[in-house]
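Hello,

Here is the structure I promised to pass on.

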Amino acid sequence: MNQHRPVRTTIAPALLTVAAMLALAACGSSEADSGSGAAGTVTVRIPDPGNSGVLAVGKKDGSLDKALGKVGAEVEWTGSAGPFAPAAQAMNADQLDFATGSITSGITSLAQRPGFKFFTAVDPDAAGEGILVRDGSGIGSVADLVGRKVAVNQGGTGEYLLLKALAEAGIPADKVQRVYLRPDQTAAVFNAGKVDAWAVWATYAVAEIGSGKGHFVADGAAIGSDNYSLNAVRTGFAEEHPEVVKALYSYLHAASVKEKKDPAAYLNVFTDVGPTAVTGKAEEVQTGFIAEGGTIDPIGPEDIARFEAVAAFYAEQKVTKGTVDVAAHLLDVEKLT
């Protein structure tokens with residue numbers, strides 16, 4: 001996988017899986033951060049991880065609490081996972097301390113007034129993201145998108161994937177109509193034929209591919225995607241509780257190694273029935289994507305170069321007004337003490 005990419009100087013690149021979004025708030029010594037933990041305990045608020053992924057397992061078996069307990073922290077599960085943009089705004093407002101998102105949505109958030117830093121790198125998902133089309137649509141290549149409508153989430157992964165695919169194929173961006181939709185509202189529009197294609201990632205692609213109704217006309221590898229997934233930490237929290245950030249990273253890395261070896265153990269963690277369950281062909285698709293992924297790692301120099309390439313591409317495509325300085329908002333998790 002990704003044989004054309006340079007070898008990282010850190011541990012193998014990675015894929016974050018379903019429900020990886022984190023939003024944690026600290027309970028420190030200030031009155032505002034008093035929280036509900038015991039005296040001196042840092043209460044870490046994490047949105048409910050749902051039914052899949054390393055956090056779901058960590059919630060079910062208590063292993064995350066145990067890991068964070070070694071550095072005087074505890075978990076409070078609250079809310080639910082969601083897109084990075086609002087999570088970034090919440091971090092900027094000192095309402096959240098941690099979140100997960102793509103480098104693409106991260107750059108648009110950094111273009112604002114960021115109060116957070118990224119501290120892990122997760123390799124682009126070569127297999128699980130791409131340009132999705134309906135079976136029988138007659139769209140056999142990226143070139144066939146000319147004159148058609150493609151659903152994307154504005155400023156995030158979807159818009160990046162479409163623009164990158166078009167650039168790779170030498171097609172001017174204005175030859176394809178971008179339809180801006182929230183990803184959780186796009187499936188119905190896509191399946192009703194109101195758009196011709198959907199630039200999307202594994203969280204939403206699995207169900208469509210698993211249903212046998214859709215496929216990627218170009219996946220992340222074909223597009224040459226540099227769309228990393230990243231963990232972000234509120235700057236103030238990292239300064240106050242670096243040991244908690246490091247412990248969280250260590251837990252996520254170790255858990256993602258186990259997940260890659262046994263993907264099925266991280267699906268349907270709480271239930272194997274109902275709308276949150278992944279079953280049948282979709283389960284096979286999801287486990288395949290996870291197996292082709294890697295582990296959650298620190299940010300290496302090669303990663304930074306690719307982050308900067310995305311920032312330059314976004315500026316060139318006028319998604320951002322200028323080139324965002326990503327390197328200024330990175331944290332070396334290995335140097336935290």
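Asp123 counts as buried, because its relative accessibility is 7% (buried means under 20% relative accessible area, exposed over 50%, partly exposed in between, with a 1.4 Å probe and protein chains only). Arg306 is buried too, at 8%. The side chains of Asp123 and Arg306 meet in a salt bridge, with 3.6 Å from N to O (a salt bridge is a side-chain nitrogen of Lys or Arg within 4 Å of a carboxyl oxygen of Asp or Glu). Asp123 sits in the loop between β4 (116-122) and β5, and Arg306 in helix α12 (residues 301-316), so the pair ties together parts 183 residues apart in sequence. Helices here are DSSP runs of H or I with at least four residues, strands are runs of E with at least two, and both are numbered from the N terminus.

Before you go further: this is a predicted model, where local features need pLDDT of at least 70 and side-chain atom pairs count only at pLDDT 80 or more, while totals for chains, interfaces and linings use all residues. Residues are numbered from 1 along each chain as its sequence is written, and side-chain values use heavy atoms, leaving out hydrogens and water.

The whole structure holds ten salt bridges. Another of them joins Glu159 to Arg178, with the closest N and O atoms 2.7 Å apart. This pair links distant parts of the chain, with Glu159 in helix α5 (residues 157-168) and Arg178 in strand β7, 19 residues apart. Glu159 is buried at 3% relative accessibility, whereas Arg178 is partly exposed at 27%.

Glu168 is exposed, with a relative accessible area of 52%, but Lys164 is buried at 13%. Elsewhere, Asp94, Asp97 and Arg234 are linked in a network of salt bridges.

Now the strands. Five of them form an open sheet with mixed pairing, in the order β7-β6-β8-β5-β9 (two strands pair if DSSP finds at least two bridges between them). At the edges are β7 (177-180) and β9 (214-219), each pairing on one side only. From one strand to the next, the twist averages 30°. Strands β5 (residues 130-134) and β8 (residues 197-200) run antiparallel and are joined by four bridges; Val133 has Ala197 as its bridge partner in β8.

Best wishes

Notes
Axes fitted to C-alpha atoms, helices over the stretch in contact; angles between N-to-C directions.
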